[in-house]
Structures are given as structure tokens and as C-alpha cells.
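Subject: Structure handover

Hi,

Here is the structure you asked about. Please open it next to this message; my notes follow below.

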Amino acid sequence: MTDEIQPFLQASGSEGEGEEGEEHEDTTNIIVKSGEENPHIALSIQKGTKEDEASSEDQYEHKISNCDTIIHLLKGNLGTGILAMPDAIKNSGIVLGSVGLILMASICIRCMHVLVKCSHELCRRTNLPSLSYSDVAETCFATSSSDRMKRLAPLARKTINLFLCITQLGFCCVYFVFVSQNLKQVFDHYYGSLDYHWYMLIILIPMFLLVSVRNLKYLSPVSMLANILQFLGLGIIFYYLVQDLSYTWDVKYVASLKQLPLYFGTAIYAFEGIGVVLPLENQMKTPRDMKGWNGVLNTSMIIVSCLYIAVGYFGYMRYGEAVEGSITLNLPVHEFLATCVKLTMSLAIFFSYALQFYVPVDILLPFFQRRVSPEKYLLTEYVLRYALVLFTFALAAAIPKLDLFISLVGAVASSTLALMAPPIIDTVTYWDDSRMTRRRIVMNFMFFILGLVGFLTGTYVSVGNIIKYFSHQ
């Protein structure tokens, strides 16, 4: 399903029933409506032919295994967020922060399962093979029995796409800040002090070259290199974190109430992988293995959660209140191994920029291409790519505080996608179903309120601290 289709999906009804016995029919029609303002669009799903079977077998060969899916899920969640976990613990206290991470991990994993189950149910209802996050949001409203809900379907898609763009572009801004700050530490130590913005300007040029690669296939080697560098860097970081730990009575157990919104924003930012769950499941050889208590999703997210808690706990125990927005900034710059970690992680995050950048380009490009002639499609794409790079560069240059940026992106976008949207989708999908019990409605309401409170308080405190930072400047 493409962004141009705003669907109200239903079986072709009585007309289809009348033609049920005709063997010469090659297609089953699904009627797509999006209210009175848009024309009806007919989708066709081809019935089984030998060519389709051959195509299916070819597609199956290119599907990914369970092990590959686990690796991709780990990579999708282990970005700059894990390096900010010690700062999250600083804003909550060692006890509250560690327990809070366990609870937040459990809730986020539950919301991921909700999204997967709703996707399966909506695929069954519409006979579609797979759905993206925005597809699920739109289709759950479009297939509702309520006409009022059906009219909200296009808005649901646009809302999810908007927050996906905010999230991914927010990550890209954080990447600019992360790489620039780590490079500044290293080069300032060896070659003298240079303004932070010069380092941003230096990496802007290679960033333009990186985002000029339009095909994800050519970014695969870059992604693999980023994975290797990142896991190597994490291993060395743990080597530093377990040395000279503080005593437990020297650190705070619970932080002040006004710091908790910052903790929430940073922690929910770290669980950044909900957007990749459905695309990965759609590419699996055995999608049913994604679910289950020992399935791919639980296995991956338990590993991720344990790493988050470990880095957060040991990072805060090692550096205490002096911990920075990224734990790499606390490593001793005069030691060769620590310098290698800073450069390694900077390179890994730099290469990851193009992968995060692909999502907003994919969402926004059709909107602009519809407004130009076909011969200008390529030019339009490059203009959009370079404009978005400049946009993330400008935001990063304006707010060079890594911890505040991470907390703001987490509170605004990640809380919406990871906590608020899944309960709404689940409630709308199963509202007319006997499985939508009162207990399930209450649970969905509680998760939504948690996300909403985190969204409001986290955004308020993060924006307030950013304003305070500018006033001090």
C-alpha cells in the first residue's frame, strides 16, 4: 500500500459473492474508499498462478532468518540512546532509574506486540500481505464499523508519518551533535581548541555525499561497517565503566521530581526501534516467530533492555553526577583506547545517519514529486535530501546540548510512537470484537495516559532547559 492510497478496505461484497463460482476470474477486488472527498480506488490481489508461485519462491529466498532479524532489531535499538543511559539514571537516581527502565522496557515490548498483533488482524481482514506502521494506523480506522472513525483514517496515517519524520530527523540532529562533540574532544586535545560549529561544518560535506546514495542496497556495506564499529565500541566502553566504581552510598537513589521528565524523555528515546518492528516482520521467512514468550521480539528486546540497564547503572556508578549526555564524552581523551572509542563510535553514528535519513525522505518525497513534472523528479529528490540535511544541521548547531536534544526528541516523538499510538490502534482495531474486554480497555487507557503525561512533562521541561541554556549563552 502506498502513501497515495487512503484506504477504506472491505471485501467487494455482494458482487463478489455472485461471482464466487466463476473460475475465469483472475483477481479479487478490494474496494478502497476515503470519504466523499476522494475517489474510490480499486486494488487487485492476484490469485495463485504459476508465475505468482515462482515469484513467491524467489521472494522467500530473499527473506531474512530469525537470527538476521534479531541482529537488525539490536541495531535498530542500540544507537545513541544506549550511550545516554547513564545520563538518564542521573536524572532519576540509581534505584528509581534502574527499576523504571525495567518497567519501561516491559511496557514498550508490550506495545510492540500490540502493533504486531493488530497488523496481523488487519492483514487478515483486508487480504493484504503486509502493512507498515502508518498503514496499520490508517487501516484500523478505515475498517471500523463507525462512519465517524472511517473519516479519521487519512488523519491517522498523516499523524503517524508526521511523528515518524520528527523521530527520524530528531535522531539525525542528535547524530550531528554526537559526532561533532566527540570529534571536538579528540582534536582539541591533540591540535588545540576549535569552535564546536567548525566540526559540524567539517562533517556537513561528507554528510552531503552520504545522503546522495539513493538506493538502500548500496548502503548495506556501510550499515554492516557501522554495526561492527558500534559493537566494538560498546565492548571497550564496558571495559572503562567497570573500573573504579563508586560505592552505592555515594550516589543518589532517587532524584528530584523536576528531573524525572528528563529521565522519561531520555529513556523512551532509547527504545527507538518500534518503527522497524513491522518492516522487519514483513521481511521474515517465518513471521509467526516474531511473537511468543521466547520469540524473536522478546529475545531481542530483553537483550537490548539488559544492555541499557547495564550501561546506565555502571556508567552512573563510574562517573556519578559528572556523567555527560553521552558516556563517550566521559572517557579520558588522553588515553589511546578511549580516543579510539570516541572515533569509532563517531564513525558508526555518522554512517547510521543515512539509514535514519532514508525514512523521512521516503515519506516526504511523494508529496513534493506530485507537484512537479516527471522529468524533475530526480532533481526534486536531491533538493529534498540536501534541504533536510541542512535542516538537521541548523537545529543541531542551534542546540548543541546532546542531553537536552535527546530528551526533547524522546518526549515529543518517541513517546507518541512507542506508547500512545499502539493502545489507540489496538482499541480501534478490536472495538467491535469480543476480545476487547474491559480490562484491555483499561490497560490501553493507562498506557496512553503514561505516554501523554511523559509527552507533556518531558517536552515542557526539555524546552524550558533549552530556553535556560540560551539565556545563559
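S346 is buried, at 3% relative accessible area. It sits in helix α15, which covers residues 336-369. The side chain of S346 reaches back to the backbone oxygen of K342, at 2.6 Å. Beyond its neighbours within four places in sequence, S346 touches F178, V179, N182 and L183.

Please keep in mind that this is a predicted model. The mean pLDDT of the protein chain is 83, and 86% of its residues reach 70 or more. Residues 1-58 fall below 50, although this stretch has 84 contacts in the model beyond near neighbours in sequence. Where pLDDT is low, the predicted coordinates should not be read in detail.

Overall figures

- The protein chain has 18 helices and three strands.
- It counts 473 residues, 52% of them buried.
- Of the contacts between residues at least 6 apart in sequence, 79% join residues at least 24 apart.
- The chain exposes about 22,800 Å², with carbon and sulfur atoms supplying 63% of that area.

N77 belongs to helix α3, residues 66-77. Its relative accessibility is 0%, so N77 counts as buried. The N77 side chain reaches the backbone oxygen of L73 at 2.8 Å. Leaving aside neighbours within four places, N77 is in contact with M112, A270, F271, E272, G273, M301, V304 and Y308.

M284 lies in a loop, between α13 (274-282) and α14 (296-319). M284 is buried too, with a relative accessible area of 2%. Setting aside neighbours within four places, the contacts of M284 include K63, I64, N66 and T69. D289, M290 and V296 are also among them.

Helix α13 has its own buried set: I274, V277, L278, L280, E281 and N282. What covers these residues includes α3, α6, α7 (133-142), α14 and α17 (402-429).

Salt bridges

Side chains of opposite charge can pair when their charged atoms come close. The structure holds 13 salt bridges. Three of them are described here.

E121 pairs with R124, the closest N and O atoms being 2.6 Å apart. The two are three residues apart in helix α6, so about one helical turn separates them. E121 is buried at 8% relative accessible area, whereas R124 is exposed at 54%.

K150 and D147 meet at 3.6 Å, N to O. They are three residues apart in helix α8 (residues 147-150), so they too are separated by about one helical turn. K150 counts as partly exposed, with 23% relative accessibility.

R385 and E381 meet at 3.2 Å, N to O. Both lie in helix α16 (residues 377-398), four residues apart, about one turn of the helix. R385 is buried at 3% relative accessibility. E381 is buried as well, at 7% relative accessible area. Elsewhere, salt bridges that share partners link E121, R124, R125, D433 and R435 into one network.

Surface

Which residues make up the nonpolar surface patch of about 840 Å²? They are V95, L96, V99, L103, Y247, W249, Y253 and V254. V95 lies in helix α6, residues 94-126. V95 has a relative accessible area of 42%, so it counts as partly exposed.

Best wishes

Conventions. Residues numbered from 1 in each chain as written. Predicted model: local features only at pLDDT ≥ 70, side-chain atom pairs only at ≥ 80, totals over all residues. Heavy atoms only, no water. Buried < 20%, exposed > 50% of the residue type's maximum accessible area, 1.4 Å probe, protein only. Polar contact = N/O pair within 3.5 Å; in protein donor to acceptor, adjacent residues only side chain to side chain. Contact = heavy atoms within 4.5 Å. pLDDT = per-residue confidence, 0-100. Patch = residues over 30% accessible without salt bridge, like charges linked within 9 Å, V, L, I, M, F, W, Y side chains within 5 Å. Areas by Shrake-Rupley, 256 points an atom, 1.4 Å probe, with all protein chains shown as cover. Salt bridge = Lys/Arg side-chain N within 4 Å of Asp/Glu carboxyl O.
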